[in-house]
Amino acid sequence: TAAVLDDFLADKRTARVAFFGGAGLLLGGIPALAIGFSTAIVCGITGFWVISRGKAEPKLYRQSEFLLDTLVELTVVSSDERNAQTAIYAVYGEMRRVEALLSRYHQKSQITQINQMAGENQYVPVTREVYDILQRSLDHAKKTNGVFDITVGPLIDLWGIGTDHEQVPDESALKRILQRIGYRDVEIQTEQGVRLRYSEMALDL
């Protein structure tokens, strides 16, 4: 996956920014959709380059941060340190925004709110951005006949993926949890919001 932004910096020496993505957005260690946001961040970043149009010799600038429940490492190639740091700051800022909006591990995210209300006869209002992402996710789930399914949260928890308590669950536990997995049990309405039909369901993007 690759997306290119021209005129990313307001500086006269505008830089070209390219984001190179792998499997897609990583939340909770699970690959999901690579989705373009308002600043055209492409998630699942494995590398990040900024090539300034100046004459100075380009240098490497590296920075890492734990976001989206994984270690994100950025590598910037630029002849201008200020431009490089500005780009790094912008990328991490957008990723923090996405995490606060979509991560089930973020206490105040809209996904967490939906999960907390699972089984209740009440829709959770969401922003248009979250609505569009969930609708696209459900469309992909339908196209793949459930091979791609954003309701895998309970399975992730059962296996302990990404924790210090990873395990292979027994068959009886798997059978019980699988009853709570299914994209068809996600109800989404433009005006009302989103609800999960049954308790113990959980979205995981």
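1. Order of elements. Along the sequence the chain reads β-β-β-β-β-β-β-α-α-α-α-α-β-β. That gives five helices and nine strands. Both are DSSP runs numbered from the N terminus: helices are H or I with at least four residues, strands are E with at least two.

2. Basis. The model is predicted: local features need pLDDT of at least 70, side-chain atom pairs count only at pLDDT 80 or more, and totals for chains, interfaces and linings use all residues. Residues are numbered from 1 along each chain as its sequence is written, and side-chain values use heavy atoms, leaving out hydrogens and water.

3. Strands β6 (residues 59-67) and β7 (residues 70-78) run antiparallel and are joined by nine bridges. Pairing requires at least two DSSP bridges between two strands. R62 stands opposite T75 in β7. Two residues separate the strands of this hairpin, and L68 in the turn has a positive phi of about 55°.

4. Of the 205 residues in the chain, 48% are buried (under 20% relative accessible area; exposed is over 50%, partly exposed in between; 1.4 Å probe, protein chains only). Take contacts (heavy atoms within 4.5 Å) between residues at least 6 apart in sequence: 57% join residues at least 24 apart.

5. Surface. The chain exposes about 11,300 Å², with carbon and sulfur atoms supplying 50% of it. Areas come from the Shrake-Rupley method with a 1.4 Å probe; for residues, only the protein chains shown count as cover.

6. V168. This residue lies in the loop between α4 (153-159) and α5 (171-178). V168 is exposed, at a relative accessible area of 67%.
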